[in-house]
Amino acid sequence: MGRSIFSSLAVAVLATVQVVNAQQPGSSTPEIHPELPTWKCTTSGGCVQQNTSVVLDWNYRWIHTATGSTSCTTSSGVDPTLCPNEATCAQNCVIEGATYSSSGISVSGDAMTMKQYVTSNGTTSSASPRVYLLGPDGNYVLMKLLGQELSFDVDLSTLPCGENGALYLSEMDASGGRNPYNTGGANYGSGYCDAQCPVQTWMNGTLNTNHQGFCCNEMDILEANAYANAFTPHPCANGDCDKSGCGYNPYALGYKSYYGPGLTLDTSKPFTIVTQFITNDGTTTGSLSQITRYYVQNGQRVPSASSSGDTIQASACSSASQFGGLAGMGQALGRGMVLVFSIWNDNGGNMNWLDSGSNGPCTSTEGNPANIISQHPDTHVVFSNIRWGDIGSTVKTSSGGGSSSSITTTSTAKTTTTAPSGPTQTHWGQCGGQGWTGPTVCAPPYACQTQNPWYAQCL
């Protein structure tokens with residue numbers, strides 16, 4: 001839901017400061033992607049480290065003339081003399097690499113910190129960065145998560161009301177729309193689209209002369225600050241999308257003491273988020289029937305807000321049937337989607353749709369960006385330990401007392417975990433359901449619990 005607001009804000013800010021983009025890579029600032037290792041996991045082979053990095057969005061870069069340093073944009077947008085059309089603009093203008101630290105991005109090991117504000121020469125300004133997960137081949141990593149799970153650690157403790165630390169999936173082109181007018185492609189963060197169908201100056205790295213909206217499937221894994229959070233599918237069909245989505249917000253559902261500083265899920269401390277995309281037949285080719293969320297903190301799985309679990313069922317998305325509903329979202333997950341990270345605030349709306357009124361405990365005015373920059377200039381979010389793969393493979397819990405730790409990993413093809421011996425299934429693994437031919441007995445002390453007619457899990 002917040003994407004269209006963010007896109008409008010970004011366009012306004014970028015037009016003001018004249019930080020935009022072009023087609024062909026320039027030579028003034030090299031593009032050096034911060035390395036952010038991630039892990040791909042299987043239940044039989046453990047987790048293998050991936051050679052991944054992050055790349056800053058195309059819209060946050062400097063565009064200038066190919067033969068000088070004159071900006072190809074003005075305060076009102078693209079210079080029509082230099083950029084009357086895609087071909088001429090690509091010939092006249094170049095795009096430069098990003099300076100990630102000044103864009104609010106820093107990476108240490110497998111942890112990435114994203115800052116809302118940066119200070120330079122005593123002046124604090126909004127950075128509000130957005131980055132994408134990039135593979136070693138120069139294309140975006142396409143995560144195929146149908147019948148799979150995604151987990152990561154997050155620290156939201158410094159995000160006040162009105163801030164949004166977001167991690168989500170967008171069905172962008174893997175190459176970033178690389179084309180003759182845009183040879184940089186994903187290496188320069190091009191090709192952004194989402195379910196709000198943003199109208200941007202550039203589409204796939206070329207001039208959007210027709211001012212078209214750029215729609216694509218979007219799965220919001222996390223939109224959150226320290227006081228409210230939501231996860232929301234936004235399927236698309238026939239050139240339009242379910243912009244509101246059928247999300248899950250614990251506070252909005254009446255669980256007002258569940259999420260926040262010092263509450264059941266204590267946001268004053270880091271925690272792990274696991275999101276599972278469960279199909280009707282337990283395979284990676286079935287129809288998405290539910291999205292299940294759970295959290296791990298202080299070594300233990302946190303009880304769900306609801307006694308029936310933090311789950312979005314297909315029936316909850318019936319209002320989105322014209323866009324394909326939950327099954328349509330699953331089809332996009334099966335094709336592969338790009339992992340997106342961002343931090344932003346909402347000038348004009350104060351992020352009330354996320355954390356105020358029936359959605360959270362914040363007042364309607366405290367999320368005003370003017371309040372945030374004056375009271376919380378160091379607000380930031382930290383994402384780390386990103387893993388995806390088979391359901392039950394990215395996080396494990398010890399057999400004694402429910403403590404949790406990360407799956408043992410390796411950076412090579414050789415893994416340090418092995419498949420369980422005998423006809424037993426490990427904790428979190430599948431143990432039943434229609435069509436299931438694997439182990440049906442769980443390793444002690446776990447029991448096989450039915451989630452739906454097609455899927456049971458060792459819990």
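Modeller: Let me begin with a term: a disulfide is a pair of cysteine sulfur atoms within 2.5 Å. This is a predicted model, in which local features need pLDDT of at least 70 and side-chain atom pairs count only at pLDDT 80 or more, while totals for chains, interfaces and linings use all residues. Residues are numbered from 1 along each chain as its sequence is written, and side-chain values use heavy atoms, with hydrogens and water left out.

Biologist: OK, how many disulfides does that rule give?
Modeller: The count by this rule comes to eight disulfides. One of them joins Cys193 to Cys216, with an S to S distance of 2.2 Å.

Biologist: Which parts of the chain does the pair Cys193 and Cys216 tie together?
Modeller: Cys193 sits in the loop between strand E16 (163-170) and strand E17 (202-203), and Cys216 in the loop between strand E18 (206-207) and strand E19 (218-224), so the pair links parts that are 23 residues apart in sequence. Strands (E, at least two residues) and helices (H or I, at least four) are DSSP runs, numbered from the N terminus.

Biologist: And are Cys193 and Cys216 buried or exposed?
Modeller: Both Cys193 and Cys216 are buried, where buried means under 20% relative accessible area, exposed over 50%, and partly exposed in between, using a 1.4 Å probe and protein chains only. The torsion about their S-S bond is about 100°, so this disulfide is right-handed.

Biologist: What about Cys83 and Cys89?
Modeller: Cys83 and Cys89 also form a disulfide, and their sulfur atoms are 2.1 Å apart. Because the torsion about the S-S bond of Cys83 and Cys89 is about 55°, that disulfide is right-handed, and both Cys83 and Cys89 are buried.

Biologist: How far apart are the sulfur atoms of Cys236 and Cys241?
Modeller: The sulfur atoms of Cys236 and Cys241 are 2.0 Å apart, and the two residues form a disulfide. Cys236 counts as buried at 17% relative accessibility, and Cys241 is buried with a relative accessible area of 3%.

Biologist: Switching topic, which residues of helix H3 are buried?
Modeller: In helix H3 (residues 325-335), the buried residues are Gly325, Leu326, Gly328, Met329, Gly330, Ala332 and Leu333. Just after H3 comes Gly336, which takes a positive phi of about 115°.

Biologist: Last one, what does the secondary structure of the whole chain come to?
Modeller: The chain has five helices and 38 strands, and 54% of its 459 residues count as buried.
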